Amino acid sequence: MDKTTHFGFKSVAESEKAGKVAEVFHSVAQKYDVMNDLMSGGLHRIWKHFTLNTAGVRRGDKVLDIAGGTGDLARGWAKRVGKEGEVWLTDINSSMLTVGRDRLLDEGLMLPVSLADAEKLPFPDNYFNLVSVAFGLRNMTHKDAALAEMYRVLKPGGKLLVLEFSKVWKPLSPVYDFYSFKALPVMGKLVANDADSYQYLAESIRMHPDQETLKQLMLDAGFGKVDYHNLSAGVVALHKGFKF
Ligand SMILES: C[S@@+](CC[C@H](N)C(=O)[O-])C[C@H]1O[C@@H](n2cnc3c(N)ncnc32)[C@H](O)[C@@H]1O
């Protein structure tokens, strides 16, 4: 019998989760960027800037952005690695990837784009200097398999960056819960005509491993020197780990 996993607060068969996540992102793709700005009050831009600016990427580096969606990080990496570098924008969802690719093309950036499942990456071993995944790991059915793939495609000495919602500082959790479960679905309904997807967002954040648990998952996948930095009182955390 198929094992179960969570899809937000619901329990579903493991084989069903990716399809349900796909429905969410096909539904929100066109409104994804405007909703991100609205829901986070623009904070997601600061979290992504922090990620880009503390990564230590160099000109000429090869970078893989997993679950890259509409391309915020891929765009930032491309500016930093320059023409001699290589940046791949990848995602499992064709709607998100199409919005991302078109947006980058409109800005004059032509990056290689690949429809790719993080759990089965179509890249060779030891290829990238840096792998990033922003707000994507939470949606993956087998996080251990995805982290193992990220490890495989990194060069020795390469770095993984995981930017993800995390466990907020406890005194803030009542107000954060109110915002997540009352305001977000209403905004989703009004702007994207989709309350359910934003209810899933709030639930999936609560089901995601906290800072220390994700750190342990990365260590278990083989990463070394794993550490994290809380942003906005732990609403988000940036985890970093190296392949040695
Ligand atoms: C919240 S969006 C994040 C997009 C972008 N990284 C950002 O920070 O704005 C999550 C993305 O994860 C993608 N995703 C979910 N499961 C995935 C998987 N197994 N492999 C690759 N991408 C996946 C979704 O399609 C979606 O585009």
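A polar contact is a pair of N or O atoms within 3.5 Å; within protein, one must be able to donate a hydrogen and the other to accept it, and residues adjacent in sequence count only if both atoms are side-chain atoms. Keep that in mind for Asp 117, which has a polar side-chain atom 3.0 Å from a nitrogen atom of the ligand. What you're looking at is a predicted model, where local features need pLDDT of at least 70, side-chain atom pairs count only at pLDDT 80 or more, and totals for chains, interfaces and linings use all residues. Residues are numbered from 1 along each chain as its sequence is written, and side-chain values use heavy atoms, with hydrogens and water left out.

**Around the ligand**

- The shell has 20 residues, and Tyr 32, Ala 67, Asp 91, Ala 118 and Ala 134 come nearest (near means that a heavy atom of the residue lies within 4 Å).
- On its own the ligand exposes 600 Å², and the protein buries 96% of that (areas by the Shrake-Rupley method with a 1.4 Å probe).
- Helix H1 (14–28) and helix H2 (32–40) are the elements giving two or more residues to this shell (helices are DSSP runs of H or I, at least four residues; strands are runs of E, at least two; both are numbered from the N terminus).

**The nonpolar cores**

- In soluble globular proteins, nonpolar side chains tend to be buried together.
- A nonpolar core here is a set of buried Ala, Val, Leu, Ile, Met, Phe, Trp, Tyr and Cys residues joined through side-chain atoms within 4.5 Å.
- Buried means under 20% relative accessible area, exposed over 50%, and partly exposed in between (1.4 Å probe, protein chains only).
- The largest core has 46 residues, and Trp 47, Trp 77, Val 87, Leu 163, Phe 165 and Val 236 have the most contacts inside it (contact means heavy atoms within 4.5 Å).
- Helix H4 (residues 72–81) gives this core its largest share, 5 residues.
- A second, separate core has 22 residues, including Phe 123 and Leu 147.

**Two asparagines with positive phi**

- Asn 126 isn't a glycine, yet its phi is near 55 degrees.
- You'll find Asn 126 in the loop between strand E5 (113–115) and strand E6 (128–134), and it counts as partly exposed because its relative accessibility is 39%.
- Asn 193 also has a positive phi, about 55 degrees, and sits in the loop between helix H7 (173–192) and helix H8 (195–207).
- Its relative accessibility is 58%, so Asn 193 counts as exposed.
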